[in-house]
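Please keep the sequence and the model in view while working through the points.

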Amino acid sequence: MSQESLIKAFKVVLADTYTLYLKTQNYHWHVKGPSFQSLHLLFESQYQSLAEAVDTIAERILTMGGSAPATFKEFLTLTTLKEGETSLSADRMVRELVVDQETILKSLATALAAAQKTGDEGSIALLGERIAEHEKNRWMLASSI
Ligand SMILES: [Fe+2]
């Protein structure tokens with residue numbers, strides 16, 4: 001696996017992270033029902049962290065000599081996630097976000113495998129942190145169903 005494959009895998013991770021950032025913020029805005037307050041805050045803490053991750057991932061791509069996708073058009077072409085729907089029930093929103101954590105974990109696993117093949121320790125460390133965060137997000141979301 002080449003450096004080029006690693007950069008390509010990182011671009012998918014960036015598109016997934018940006019899409020999940022927007023989707024989590026969408027649900028922060030539109031969640032309704034008796035659990036509004038707790039879910040509104042849970043989604044907020046997750047989207048804020050995702051926004052920081054977007055910057056870190058994009059700058060890793062640039063560090064590797066790649067170009068970071070930076071338009072909604074590119075993100076929609078690259079992402080493995082589906083965009084959010086504002087009309088879902090709170091329960092459906094949480095269930096979707098649980099599945100989304102699993103989906104992004106798959107993209108991260110692909111990128112990690114590519115980083116391990118090229119022995120890129122910096123990328124391995126960054127991807128390991130991203131994996132741990134999405135595993136934690138999945139747990140927190142699943143625990144609130
Ligand atoms: Fe807010």
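1. The model is a predicted one. The chain holds five helices and zero strands. Read from the N terminus, the order of its elements is α-α-α-α-α.

2. Overall dimensions. The radius of gyration of the chain is 15 Å, close to the 15 Å that the globule rule gives for 145 residues, and the chain is therefore as compact as a globular protein of that length. Along the principal axes, the C-alpha atoms fill a box of roughly 50 × 30 × 20 Å.

3. Of the 145 residues in the chain, 37% are buried.

4. How to read a helix pair. Two packed helices are described by the angle between their axes and by the distance between those axes.

5. Helices α1 and α4. Helix α1 covers residues 3-30 and helix α4 covers residues 90-118; the two pack at an angle of about 165°, and their axes are 9 Å apart. Angles over 145 degrees count as roughly antiparallel, and α1 and α4 are therefore roughly antiparallel to each other. Their crossing is left-handed. Sorted by class, the contact of α1 with α4 has 14 nonpolar, seven polar and three charged residues.

6. Helices α4 and α5. How far apart are the axes of α4 and α5, and at what angle do these helices pack? The axes lie 9 Å apart, and the angle is about 165°. This makes α4 roughly antiparallel to α5. In passing α5, α4 makes a left-handed crossing. On the α4 side the contact includes V94, L97, V98, I104 and L105, while on the α5 side the residues include I124, L127, I131 and L141. The contact of α4 with α5 divides into 14 nonpolar, five polar and three charged residues.

7. Helices α2 and α5. Helix α2 (residues 36-63) packs with helix α5 (residues 121-143) at an angle of about 165°, with the axes 12 Å apart. The two helices are therefore roughly antiparallel to each other, and the crossing of α2 and α5 is left-handed. From α2, the residues L42, Q46, S49, A53, T56 and R60 meet S123, L126, R130, E133, N137 and M140 of α5. By class, this contact of α2 with α5 has four nonpolar, five polar and three charged residues.

8. Residue E4. This residue is found in helix α1. Why is E4 described as partly exposed? There are 13 other C-beta atoms within 10 Å of E4; a residue counts as exposed with 12 or fewer and as buried with 20 or more, so a number in between makes a residue partly exposed. E4 and S45 are 41 residues apart in sequence, and their C-alpha atoms are 33 Å apart in space.

9. Residue L76. Helix α3 (residues 72-78) is where L76 has its place. With 14 other C-beta atoms within 10 Å, L76 is partly exposed. L76 and T86 are ten residues apart in sequence and 18 Å apart in space, C-alpha to C-alpha.

Methods: Residues are numbered from 1 along each chain as its sequence is written. This is a predicted model: local features need pLDDT of at least 70, side-chain atom pairs count only at pLDDT 80 or more; totals for chains, interfaces and linings use all residues. Axes are lines fitted to C-alpha atoms, for helices over the stretch in contact, and angles run from 0 to 180 degrees between N-to-C directions. Helices (H or I, at least four residues) and strands (E, at least two) are DSSP runs, numbered from the N terminus. Angles under 35 degrees count as roughly parallel, over 145 as roughly antiparallel, 65 to 115 as roughly perpendicular and the rest as oblique. A crossing is left-handed if the near helix is turned anticlockwise from the far one by less than a right angle, and right-handed if clockwise. Two residues are in contact if their C-beta atoms, placed from the backbone, lie within 7 Å. Ala, Val, Leu, Ile, Met, Phe, Trp, Tyr, Cys and Pro count as nonpolar, Asp, Glu, Lys and Arg as charged, and the others, Gly among them, as polar. The radius of gyration is taken over C-alpha atoms; the globule rule is 2.2 Å times the number of residues to the power 0.38.
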